[in-house]
Structures are given as structure tokens and as C-alpha cells.
Amino acid sequence: MNENRRDFLKKGATAIAATPLLSGVTASNLFADEVKKGVVKNGETLTAAHWGMLKVTTKNGIAVKSEPIQKTSEIYNPLQHYTPDMIYKSRIKHTMVRKSYLENPDSPKPELRGIDEWVEVPYEEAIKLVAKELKKTRAQKGLQSVFAGSYGWKSSGNVHNSIILLHRFMNLSGGFVGSLGDYSTGASQIIMPHVVGSIEVYEQQTSWPVVLENSKVVVIWGANPLATLRIAWTATDEQGFKYFEELKNKKDIKVIVIDPIRSETAQYFDKAQWIAPVPNTDTAMMLGMMHYLYESGKYDKEFIENYTYGFDKFLPYLLGKTDNTPKNLEWASKICGIDKDTLKELADTFVSNRTMLMSGWGMQRAHHGEQPHWAMVTLAAMIGQIGLPGGGFGLSYHYSNGGAPTCKGAVIGGVNSASVGKFNEKGEFIGTDTGEFDKHGRFVAKAAAVAGTGQSWLQKATDYAFPVARIADALLHPGKVIDHDGKKITYPDIDFIYWVGGNPLVHHQDTNTNLKAWRKPRTVVVHEAYWTPTAKMADIVFPVTTEYERNDITMTGDYSNMNIVPMKQVVEKYREAKDDYQIFTDLCKAYAKNLVVAYTDNGKDEFDWIKEYYDAAYAQVKAIPELVSDMKPFEEFWNENKPVTFASSQDSDNWVRLGEFREDPVLNALGTPSGLIEIYSDTIEKMGYDDCKAHPTWFEPIEWLGMKDKPAKYHMISSHPTDRLHSQLSQTSLREKYAIANREPVWINENDAKELGVKTGDLVCVFNARGEVLAGAYVTKNIKEGVVKLAEGAWYDGFDSGICKNGSANVLTIDIPTSKLANGNISHTALVNIRKYQGDETPKLTAFSEPKFSK
Ligand code: PGD
């Protein structure tokens with residue numbers, strides 16, 4: 001028995017799958033040095049999801065229970081307990097085609113999308129249909145008519161990354177129109193490079209140990225980390241929870257929460273000061289504090305002088321010289337609704353204590369969303385603690401465990417989006433710009449391609465790529481020219497949509513306009529596991545596996561890179577569900593000769609990819625002696641059923657964001673034109689936009705509580721949900737714990753509720769000129785008067801009546817861009833009205849039911 005195997009057997013005793021009855025694995029090969037590929041029919045299997053590393057218990061091949069594999073903090077994460085529901089509820093069982101599309105794909109009655117009947121078709125027939133119609137669209141309308149900028153949170157896993165798998169297919173088969181940016185940080189990721197020379201929102205933060213040791217004040221500004229840290233883009237390692245718990249226990253750090261909602265986080269920090277501004281007015285609030293710091297001379301002149309550019313050009317605006325409106329405390333107070341003494345006290349607290357301003361992203365998902373983060377950086381610059389331990393600002397503590405020190409270890413790779421394919425006159429695939437067939441018929445890709453960059457062919461496609469949140473506008477207005485960050489973009493004429501890994505009928509603003517937009521193109525193809533509203537709006541739906549029905553690999557903690565986790569198949573594939581990878585492989589076969597060879601990189605299956613990524617990481621670890629880890633060869637790692645865990649280094653424990661810049665702003669200049677923090681941007685000035693000036697500016701949002709002639713009475717905030725990941729987990733029984741009157745809950749302030757005659761448990765209509773939804777009233781003092789909260793992500797349920805019976809917030813939101821600069825979404829800018837539901841009968845909820853099938 002060799003060392004490795006002995007080690008495996010020893011460790012096997014403590015591994016999770018104590019009695020692995022592996023289907024397809026016989027007793028004689030159980031101890032062979034090979035990868036165990038079958039599912040555990042009775043026992044526990046290790047996997048991971050956005051919401052953590054999980055062990056799932058199966059009985060007779062059925063998943064019955066799921067739990068976290070470890071406890072990192074006292075903070076409970078309910079999302080980890082609903083895997084069985086994710087496997088069995090609201091699933092799509094068969095490959096389906098919309099009736100009118102099947103009858104005549106050339107004239108498919110797109111106006112019936114969402115209300116038509118569905119026909120079950122053999123999988124192979126649907127594959128041929130998609131290949132044929134895609135080819136037809138490309139031939140007749142060009143690659144700019146095929147939109148595959150498919151956006152969404154998909155599921156964890158580096159192999160079965162549905163969105164990249166789609167891009168890989170679309171690239172190799174001829175090209176597509178992509179999208180720019182994302183819904184999360186649409187405004188900030190465009191403005192921040194102008195201000196600090198980096199995207200900032202997805203950057204590592206000053207490490208938590210440094211904050212806990214040095215900060216005296218932590219401001220949680222428009223963030224709800226106790227909700228958003230339940231998940232991570234890869235899989236959460238819950239380090240964020242651990243550190244927020246430590247923060248709570250640090251009695252010498254004052255916590256201030258600035259948010260119109262007294263969120264779960266504010267409630268967790270029971271001693272925290274809660275400041276509730278009028279929604280969308282943070283910029284004015286910050287300008288008021290800046291004015292006070294300037295006039296009182298309390299700001300850090302030296303920092304402004306040495307580390308920033310353009311303060312002198314910003315001052316005339318701050319002081320009111322350009323518009324006769326000094327942005328003083330009185331002015332700010334009138335706008336943001338916080339009395340001026342409190343504003344002054346806040347500014348004094350910040351400037352006289354080591355203060356970390358931790359901001360969420362909600363405030364930039366609003367009209368003129370570029371401004372609050374720019375104002376926050378400017379305020380932090382005047383406070384003068386940027387680059388000092390525990391001071392400054394941080395835009396990612398609430399996301400994917402930002403601030404958890406980065407571990408020293410290897411990083412697992414992932415499938416790439418390849419390059420655009422070339423075809424001969426017979427329509428056979430012959431290679432790409434970066435790859436060709438060798439004399440043995442093997443496809444050799446010379447360079448890994450990343451979506452949206454590099455290739456010459458893509459230049460044409462990227463001419464048509466547009467900001468992702470402009471999708472409905474683009475569908476409705478082909479040829480329209482828009483401004484974007486100093487460039488002009490022409491919308492393509494989209495006639496074919498291919499969407500995987502996202503739920504745009506729920507995530508995009510102004511659902512009723514979005515529905516019209518989705519009824520324009522000739523063809524819509526969707527891969528989904530569930531009958532989501534997006535699946536219901538398609539023409540062809542392929543049922544896909546969930547992450548629990550396939551094998552994969554992921555890392556945890558996007559910033560910490562703490563663990564490598566085997567994501568093992570928990571149960572057999574559900575009904576006709578197939579992996580996205582399988583579907584695209586079959587589409588390649590149907591589309592063109594030899595295409596599949598390039599797509600699968602010469603026939604790789606999921607295990608070949610997993611092993612390739614792991615082996616590369618293993619080689620990295622072995623090559624660098626100081627990377628101490630218990631990383632083992634792939635077979636042992638896989639069979640052992642345990643994550644590989646890396647440790648952080650002293651350097652990363654002590655890391656301070658912008659610390660090097662502070663030490664030497666010349667040697668470590670920022671990536672801005674001046675190399676400094678830009679309070680005034682000459683680049684933006686040259687763009688000449690009326691809705692984004694060259695310095696932080698207060699602009700009135702299109703709808704807000706302080707406006708004249710308000711079109712509706714209450715400001716709706718559509719926060720990220722606490723008990724879902726966007727729309728994911730909606731159909732699980734966790735919903736029974738939070739739904740009110742069997743609908744999405746709407747938080748209403750107790751005084752507003754009194755006036756409305758509404759109490760907790762009542763069914764209410766929330767409405768405005770854009771639409772109407774039904775929701776369940778939750779009356780509370782934990783929300784500012786005049787503000788209501790309806791979390792985003794409830795599955796839209798209004799195909800039959802036009803009124804969403806499930807409370808999908810985006811029915812009520814506005815679909816205009818933040819500004820010409822960033823074109824982000826403005827989902828937190830919307831006024832709504834509320835009334836008690838008056839009908840005799842309560843409308844039946846159909847959000848989680850199957851659509852109509854043709855007999
Ligand atoms: P999810 O619910 O995560 O929402 O929008 P997003 O579309 O990301 O949708 C992911 C879908 O992918 C699910 O339906 C899931 O079943 C499917 N899926 C998961 N795994 C796979 C897979 O392996 N293959 C395939 N084919 N499908 C899979 C989120 C978006 O919403 C985001 S990121 C933000 S930040 C925005 N936030 C707001 C907001 O704050 N307020 C409002 N009103 N609206 C928002 N919309 C945005």
C-alpha cells in the first residue's frame with residue numbers, strides 16, 4: 001500500500017462520506033487510486049453553493065437535508081438548509097418549445113410570449129431547431145442580431161459556469177453581441193476609475209484585523225452585510241460574518257448605521273446609532289459635511305494638497321459660488337432630512353476619530369448613482385485618513401467577505417470563452433484567430449480568450465455591446481445612439497436572445513416595458529432548471545441540472561481565496577435535465593462539423609476539466625515552498641471529501657487599502673490622469689455631460705420624496721433580499737418563513753400604516769404609473785416614515801393579469817440610466833402608492849406553477 005493510499009484511508013475515517021455506497025463503483029475498485037465518480041446514495045456529500053460549503057445528506061438517492069460543513073460565527077445562514085427544495089421544486093421536467101414558435105419559427109407570434117401554450121419536444125429535435133434558427137438569424141441579420149450578453153448570478157462552479165459556456169459556444173460558432181458592466185455596481189465601476197484609478201468596488205479592502213485594531217468608528221453606510229454576506233460570487237467562507245461578529249464584540253469601536261431602513265445589520269449592532277436619511281440624498285448629506293469641514297478648517301489640508309487633484313475647482317461649487325447655493329449644513333439638512341446638528345456631530349466624529357466608511361452599493365443603484373461614491377471618496381479625503389490603518393473608505397466590506405485577508409495559496413482556473421470561429425465554404429469549422437487543428441486533428445488553442453476583449457472579430461461585436469442595464473431600451477430602439485463614458489454606442493438590432501444563468505424578467509427594471517421589449521425578437525432560447533418568469537418568456541427552454549446534479553470545483557471567499565472545494569454530484573440528474581455543457585456540446589455537433597472538438601477541447605468531460613484546474617493549482621503550490629498547505633494529488637483530494645484550506649500571511653493580515661499610495665504618491669501613483677485622487681476630473685469635464693459633471697454634484701433624482709408634484713407618496717427601496725439570493729431560493733419552503741399573505745412582504749412605517757389603515761398581515765396593492773403588485777404588509781418602526789421596502793427578486797407573476805401577484809419590485813422601478821457616464825440601473829429610485837387590497841377574492845398565486853401545456 002503506498003503512502004498516498006494509506007493517508008487516504010486514515011483521513012477517510014474523518015471524511016464526511018463515512019459510508020460511501022457509490023453507485024457505479026464496485027467494492028473491488030473502491031480503494032483503487034482513482035477518482036470516485038458516482039453519487040452517494042446513502043450518506044453525506046460535500047458540495048458548495050453561493051451560500052457556503054455544504055454537506056448534503058441523501059437517503060436512497062434522494063437529498064433529504066443540507067447543512068454548513070462548519071460554523072464560523074454565531075450568525076445563522078438559513079439559505080444553507082434548503083438544498084432538497086432546490087433539487088425538487090418548480091423544476092422544468094422536459095425540453096419545451098412554445099406552441100406558436102414550433103408551428104412557424106419564421107412568424108412565431110412573439111407577442112404571445114409568456115401566455116402561449118408549451119409543447120414537449122424530444123431533446124434532439126430542439127437542439128436541431130436552435131442550431132438551424134441561430135444559423136438563419138446570423139445569415140440573414142448578422143452577428144450583431146444575436147444577443148448572448150446573458151447576465152446573472154448563475155451558480156457556483158468553475159466548470160459548469162453557464163454564462164462562460166454560452167459565450168464559448170457563441171464565440172466558436174460565429175460571434176455575438178455582448179454586454180458591458182453589471183447590475184450590481186453599474187455606476188460605481190465606471191466612475192471610480194476616473195476618481196481613484198481602479199474599479200474599487202471589487203477590490204480587496206483594508207484587512208479586517210487592521211480595522212478591528214485601529215478603527216474607532218465604523219460607519220455602515222447603506223449596506224446590510226448581515227444579509228448580503230450570506231452569499232458570495234464563488235461560495236462564501238463566512239469570514240465576513242466572523243469579523244462583523246468581532247466588531248460587535250469590540251466595545252471600543254462605535255458603529256454608526258446610515259440607512260433609511262434599520263436593517264438586520266443595524267438591529268444586530270443593537271447599540272449602533274441609526275441615522276435614517278431621505279432615500280437617494282446621501283450625496284447632499286456628504287456635501288453638507290464637507291462644507292462644514294471646510295468652513296471650520298477641520299479638514300486635512302495636507303492630505304488634500306498632497307494626494308488629491310482638483311479640490312480648488314470643486315470648491316466654488318461646494319461654497320455656492322457657481323450656483324448661489326452654498327452646500328452648507330442647513331442646505332443638506334433640508335434635503336436629507338437629518339437635522340444639521342446631527343450632521344455636524346457626524347462630521348466632527350469622523351474627523352476626530354480613526355473612521356472607516358464602509359459603503360454598500362445600493363446608493364449607486366439610483367438616479368445619478370455615480371455621485372454618492374465620488375462624494376464619499378471626497379469626504380474621506382477631507383477627513384484625511386485614506387491609506388491609514390482602519391481609516392478611509394471601503395466599498396466592498398458587505399460583499400463576498402471583502403476585508404477577509406487574502407490567503408497564500410493556489411487559485412483554481414475556469415472554463416474560458418474562447419475565440420470566434422472561422423468556417424469554410426462547406427460550413428465546417430476550421431479554427432479561430434487563436435487556435436487551429438494540428439495534423440492529428442486535435443484542436444490547439446494558443447491563447448485563452450476572455451469574453452469581450454482581444455480578438456479582432458470581436459471588435460465588430462463590441463461596437464454593438466452596450467451597458468447591460470440598457471437591454472430593454474436596446475431591444476425596443478435598435479439603431480439608437482447613446483453616450484457611454486465618453487464614447488458613442490449604437491444599439492444593435494437584436495432578433496435572437498440566448499440567456500442562461502440569469503433571471504432578467506425579475507432583475508431588470510420596469511417589468512411592463514421589459515415584457516414589451518422581450519416580445520420583439522424572433523427567437524428567445526433559455527436554459528433553466530426552474531419555471532422562472534424568464535423561462536416562461538422563452539420560445540425554447542432546455543431544462544438544466546442544478547449544481548447538485550453535476551461535479552465541479554470552486555474556491556471560497558472571493559477575496560480570501562481560502563478554500564478549494566470539490567463540488568460533488570449529490571443526486572442523479574433530475575428527469576430530462578442536462579448540464580449546460582452537454583447542451584452546448586450537442587449544439588456544436590448540430591451546428592457545424594468539427595466545432596465540438598474545439599468546444600470540448602478535444603473531448604474533455606467535467607472530470608477532465610476539474611482535474612486540469614486542480615492539477616495546475618497543485619503545481620503552483622508545489623513550486624512555491626512557502627505555500628504551506630495540505631494540498632494532495634487530485635485523486636486523493638476528490639475522494640477525501642474535504643476542502644483544501646489555505647492560511648493568510650502576515651502581509652495580508654496587515655494590508656491597508658491605498659497604503660502604498662499614502663506612503664509614496666509619486667512612486668505608487670494611482671491610475672488616474674493625475675496619479676492622484678481626482679475630486680475634479682478633466683476627463684469627465686471633456687465629455688460635457690449635463691447629468692454627470694466634473695466633480696461630485698447633488699442632482700435631484702427623477703423621483704424622490706423632496707420633489708415638487710410627487711407622482712406617488714412613498715419612496716420604495718428594493719433591497720437585496722435577506723432570505724434569497726436575488727430570485728434564487730424563491731421557490732423553497734424558506735419562503736413560508738418570510739412571506740406575508742403568501743406574497744413578498746412590504747415594510748411600512750407604523751405611522752404610515754396607521755394613516756393607510758393597514759396592519760401586518762394585510763394584503764396590499766403597491767402601485768404607480770408603471771405597474772402594480774400585490775404584497776403582504778409588514779408594519780414596523782424599523783423604517784423611516786415615507787419609505788417602504790420591497791426586496792427585489794420575487795418571481796414575477798403577472799402574465800395573465802398584468803398585476804404581479806407575487807410582489808416583484810421591478811414592476812414599479814424606473815428603466816432609465818444613472819447618467820450618460822455609466823448607464824447603470826436606478827432600481828432604488830421609485831415612488832409608489834399603497835392601498836389595502838379590496839377585492840372579494842384573493843388572487844391565486846401562480847408564480848411557482850408550471851405554465852400551460854398543449855394537450
Ligand atoms: P438570480 O436570481 O441570481 O438573479 O439578477 P440575477 O439574474 O443574477 O438569477 C440567476 C438564475 O440563474 C436563476 O434563475 C437560476 O435558476 C439560474 N441558474 C443558476 N445556475 C444555473 C446554471 O448552472 N445554468 C443555468 N442555465 N441557469 C442557472 C440579479 C441582479 O438583479 C443583480 S446582480 C443586481 S445587483 C440587481 N439588484 C437589484 C436591486 O437592488 N433592486 C432591484 N429592483 N432590482 C435589482 N436587479 C438586479
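A polar side-chain atom of Asp 580 lies 2.9 Å from a nitrogen atom of the ligand. That is a polar contact, meaning a pair of N or O atoms within 3.5 Å; within protein, one must be able to donate a hydrogen and the other to accept it, and residues adjacent in sequence count only if both atoms are side-chain atoms. The protein buries 98% of the 920 Å² that the ligand exposes when taken alone. Accessible areas come from the Shrake-Rupley method with a 1.4 Å probe, and for residues only the protein chains shown count as cover.

This is a predicted model: local features need pLDDT of at least 70, side-chain atom pairs count only at pLDDT 80 or more, and totals for chains, interfaces and linings use all residues. Residues are numbered from 1 along each chain as its sequence is written, and side-chain values use heavy atoms, with hydrogens and water left out.

**Ligand site**

The ligand is surrounded by 33 residues. The closest are Trp 153, His 507, Glu 528, Arg 550 and Ser 727. A residue counts as near if one of its heavy atoms lies within 4 Å of the molecule or strand in question.

| Residue | Protein atom | Ligand atom | Distance |
|---|---|---|---|
| Trp 153 | polar backbone atom | oxygen | 2.7 Å |
| Asp 580 | polar side-chain atom | nitrogen | 2.9 Å |
| Gln 728 | side-chain N or O atom | oxygen | 2.8 Å |

**Helix H20**

Helix H20 spans residues 511-518. Helices (H or I, at least four residues) and strands (E, at least two) are DSSP runs, numbered from the N terminus. Thr 511, Asn 514, Leu 515, Ala 517 and Trp 518 of H20 are buried. They lie on the same side of H20, because they cover an arc of only 160° around the axis. The arc is that of the directions from the helix axis to the C-beta atoms. Buried means under 20% relative accessible area, exposed over 50%, and partly exposed in between (1.4 Å probe, protein chains only). The cover over these buried residues includes helices H18 (471-476), H19 (504-507) and H21 (533-536). It also includes strands E21 (496-500) and E22 (523-528).

**Gln 205**

Gln 205 sits in the loop between helix H6 (188-196) and helix H7 (208-214). Gln 205 is buried, at 1% relative accessibility. Its side chain reaches the backbone oxygen of Glu 203 at 2.6 Å. The side chain of Gln 205 also reaches the backbone nitrogen of Ser 396, at 3.1 Å. Contact means heavy atoms within 4.5 Å. Beyond four places in sequence, the contacts of Gln 205 include Tyr 397, Trp 655 and Arg 657. Gln 205 and Arg 657 are 452 residues apart in sequence, yet 5.7 Å apart in space, C-alpha to C-alpha.

**Positive phi**

Most residues other than glycine have a negative phi. Asp 485 has a positive phi, near 50°. This residue is in the loop between strand E19 (481-484) and strand E20 (487-490). Asp 485 is buried, at 18% relative accessible area. Arg 575 also has a positive phi, near 40°. Arg 575 is in the loop between strand E25 (563-567) and helix H22 (580-591). Arg 575 is exposed, at 52% relative accessibility.

**Cysteines**

The whole structure holds zero disulfides. A disulfide is a pair of cysteine sulfur atoms within 2.5 Å. The sulfur of Cys 765 is 12 Å from its closest cysteine sulfur, in Cys 804, so the distance is too far for a bond. Cys 765 is buried at 2% relative accessibility, and Cys 804 is buried at 0%.
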